[in-house]
Amino acid sequence: QVQLVESGGGLVQAGGSLRVSCAASGLTFSMYATGWFRQTPGKEREFVAAISRSGGSTYYADSVKGRFTCPRENAKNSVFLLMNSLKPEDTAVYYCAATHSWLSESYYTRATDYRAWGQGTQVTVSS
């Protein structure tokens, strides 16, 4: 059974940094591309970042480009979302997601591409 567990969310002031982690189990992690999404009340889940299963390819939403990165450590079955220069508009519940990928350098940006999801972690940025 595939399981993704996020941790590391919290409250931070605008301009600050935060690291959110996602630990995966029940899968051969190196065969799964991963992504990060976020959601605020009343809005659809929004793509944030994606990384290929090899870690060699990444893609970011324009709203976070240059501020967020999403490295992964396949040996530790983990992926991270490193968030810098946080803004109040980054406040959301952040979800990690994973999907099996035959192609080592492919990444996925649509929520419908992903089969496994974490439970989400709240990130709140105060002004």
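A disulfide here is a pair of cysteine sulfur atoms within 2.5 Å. This is a predicted model, so local features need pLDDT of at least 70 and side-chain atom pairs count only at pLDDT 80 or more, while totals for chains, interfaces and linings use all residues. Residues are numbered from 1 along each chain as its sequence is written, and side-chain values use heavy atoms, with hydrogens and water left out.

The structure holds one disulfide, formed by C22 and C96 with their sulfur atoms 2.0 Å apart. The torsion about the S-S bond of C22 and C96 is about 50 degrees, so the disulfide is right-handed. C22 sits in strand β3 and C96 in strand β10, so the pair ties together parts that are 74 residues apart in sequence; strands are DSSP runs (E, at least two residues), numbered from the N terminus. What about C70? C70 is in no disulfide, and the nearest cysteine sulfur, that of C96, is 11 Å away. C70 is buried too, with a relative accessible area of 1%.

Now for the rings. Rings of Phe, Tyr and Trp (its six-membered ring) pair if their centres lie within 6.5 Å; planes under 30 degrees apart count as stacked, over 60 as edge-to-face and the rest as tilted. Searching the whole structure turns up seven aromatic pairs. In one of them, F37 and Y114 have ring centres 5.5 Å apart and planes at 80 degrees, so the pair is edge-to-face. F37 belongs to strand β4 (residues 32-39) and Y114 to the loop between β10 (92-100) and β11 (116-117), so this pair ties together parts that are 77 residues apart in sequence. Y108 and Y114 also pair edge-to-face, at 6.5 Å centre to centre and 90 degrees between the planes. Y114 is buried at 4% relative accessible area, whereas Y108, at 22%, counts as partly exposed. Ring pairs link F37, F47, Y59, Y107, Y108, Y114 and W117 into a cluster.

Finally, the core: a nonpolar core is a set of buried Ala, Val, Leu, Ile, Met, Phe, Trp, Tyr and Cys residues joined through side-chain atoms within 4.5 Å. The largest one has 34 residues, of which W36, V48, F68, L81, M83 and Y94 touch the most other members. Elements giving two or more residues to this core include β3 (18-25), β5 (46-51) and β12 (121-126).

Terms used. Helix = DSSP H or I, 4+ residues; strand = E, 2+ residues; numbered from the N terminus. Buried < 20%, exposed > 50% of the residue type's maximum accessible area, 1.4 Å probe, protein only.
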